[in-house]
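My notebook is open and I am going through this one element by element.

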Amino acid sequence: MSIASEILTKPSLSLGIEEEYLIVDRETGNLIREASPQMLIDARKVLGEKVSQEFFQSQIEVGTAVCQTIQQAREELKQLRGMVSDVIKPYGLAIIASSSHPKASYITQMHTPRQRYETLAENMQKIAQRMVICGMHVHAGVEDNNLRIDLMNQASYVLPHLLALSSSSPFWEGRDTGLMSYRIAVWNEFPRTGLPEHFESYAELERHVSILVHAGVVEDSTKIWWDIRPSHHFPTLEMRITDVCTRIDDAICITALYQCWLHMLWRLRRENQRWRSYANMLLYENRWLAQRYGIDGQLIDFGKGEMVPYSDLTEELLTHIMPDAEILGCIEEVEHTRTILKRGTSAHWQREAYQDAINNGASSDDAIKAVVDMLIEETMNGV
């Protein structure tokens, strides 16, 4: 079968969502330093392979099964959050779906005692110590290798838009960073991150990866941490740029937007069209603007060569993908984008919770505790 005919084969666009959470002391709001081994055993008994430890013991990750619809993904994600919460609650702990803790110091954190993480800590040194951050990864089923590369080349355009909608890391070590997603600033310190290279085929990607493997720089492509990448383990295109969303409805909205965007790109390709590709130097500018200002700012409209309010570009995005949302049965989920624009992201709520507490006479430490309390509540009950 030729590459052209392969690309015309419709991908399943099945979904899988991975979320990373921070574990906090429910009473103090502080990030834990060390996790009880029994608690992790309990979690594995209840969730099986759907739960895993992350680099630091204060982090825990869940992953849904393969979901055929966005509604199925929502129900499973809701169940996973509830199950993890139930497991750790007897230990006096809670999870927060936030890409940074508003106060915790990375210096005090202990990494998980696994060989993979021991190696990472040794290789990355101080950079690894700063990785007290969490993200959300969305897998979309794209079974054909060359189609996966073709879609990745075009999908980079929308990544800043998705990042802005997800922002949940405005604080770092007790201070407001001035950024909507400080997580990205921390993550950028790692090698092999950021926007992906442009490849003409899956074979070309494999050739480049094999050079790194042969040189002993990486063991395999799991150590290539681009904002979007072909998964090493699954026939999926994995979107990795976003912060973890505090509210489930926001996470599902972003997942649906990503799924619809890929469907639109495939639909255009089937009609002998394609989304225009832009140089990474331009895309990085929008990535930075999304990291700094989120939905409050502007992004560059590359066609016009002008800065345009994020809300205007979002309406244009929704117009492009609405036929695809109808096909995929997720119109309500993608239209939730407008709700996020009206009431803000987690980064907004964190700043508001902090300022409200300060205005009511709270100390800075007590205001930080108010932020954590809000995050605990919204992680489990926010809509």
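**Entry 1: helix α13**

I started with α13, which has 13 residues and reaches 19 Å from its first C-alpha to its last, close to the 18 Å expected at 1.5 Å a residue. For the record, helices (H or I, at least four residues) and strands (E, at least two) are DSSP runs, numbered from the N terminus. The expected span is 1.5 Å times one less than the number of residues in the helix.

Ground rules before going on: this is a predicted model, where local features need pLDDT of at least 70 and side-chain atom pairs count only at pLDDT 80 or more, while totals for chains, interfaces and linings use all residues. Residues are numbered from 1 along each chain as its sequence is written, and side-chain values use heavy atoms, with hydrogens and water left out.

Which residues of α13 are buried? I get Glu333, Val334, His336, Thr337 and Ile340. Buried here means under 20% relative accessible area, exposed over 50%, and partly exposed in between (1.4 Å probe, protein chains only). The cover over these buried residues includes α3, α7 (159–166), α10 and α12 (310–328), with contact meaning heavy atoms within 4.5 Å. After α13 comes Gly344, with a positive phi near 90°.

**Entry 2: helix α14**

Next I looked at α14 (residues 346–359). Its 14 residues reach 20 Å from first C-alpha to last, close to the 20 Å expected at 1.5 Å a residue. Its buried residues are Ser346, Ala347, His348, Trp349, Gln350, Ala353, Tyr354 and Ala357. I also noted the general rule that an α-helix has 3.6 residues a turn, so residues three or four places apart point the same way. What do the buried residues of α14 pack against? I find β6 (171–172), α10 (248–270), α13 (331–343) and α15 (364–381). Just after α14, Gly361 has a positive phi of about 95°.

While in the area I checked Glu378, which lies in helix α15. Glu378 counts as buried because its relative accessibility is 18%. Leaving out residues up to four places away in sequence, Glu378 touches Thr246 and Arg247.

**Entry 3: α2 against α3**

I fitted this pair next: helix α2 (residues 37–47) and helix α3 (residues 70–88) pack at about 145°, their axes 9 Å apart. Axes are lines fitted to C-alpha atoms, for helices over the stretch in contact, and angles run from 0 to 180 degrees between N-to-C directions. On the α2 side the contact is made by Met39, Asp42, Ala43, Val46 and Leu47, and on the α3 side by Leu80, Met83, Val84, Val87 and Ile88. By class, the contact residues come out as nine nonpolar, no polar and one charged. The classes are Ala, Val, Leu, Ile, Met, Phe, Trp, Tyr, Cys and Pro as nonpolar, Asp, Glu, Lys and Arg as charged, and the others, Gly among them, as polar.

How many residues of β1 (residues 15–25) are buried? I count 10 of its 11. Pairing next, where two strands pair if DSSP finds at least two bridges between them:

- β5 (residues 136–141) runs antiparallel to β1, with five bridges, and Leu15 stands opposite Ala140.
- β3 (residues 59–63) is antiparallel to β1 over five bridges, and Tyr21 has Ile60 as its bridge partner.
- β4 (residues 93–96) is antiparallel to β1 over four bridges, and Leu22 has Ile96 as its bridge partner.

Leu13 sits in the loop between α1 (3–7) and β1. Its phi is positive, near 55°, and Leu13 is not a glycine. Is Leu13 buried or exposed? Leu13 counts as buried, at 2% relative accessibility.

**Entry 4: a hairpin and a loop**

β12 (residues 298–301) and β13 (residues 306–309) pair antiparallel over four bridges, and Ile300 stands opposite Met307. The hairpin has four residues between its strands, and Gly305 takes a positive phi near 70° there.

Last stop was Arg192, in the loop between α8 (182–187) and β8 (193–194). Arg192 is not a glycine, yet its phi is positive, about 60°. Arg192 is partly exposed, at 23% relative accessible area. Thr193 lies in β8 and is buried, at 14%. Thr193 and Ile224 are 31 residues apart in sequence but 6.8 Å apart in space, C-alpha to C-alpha.
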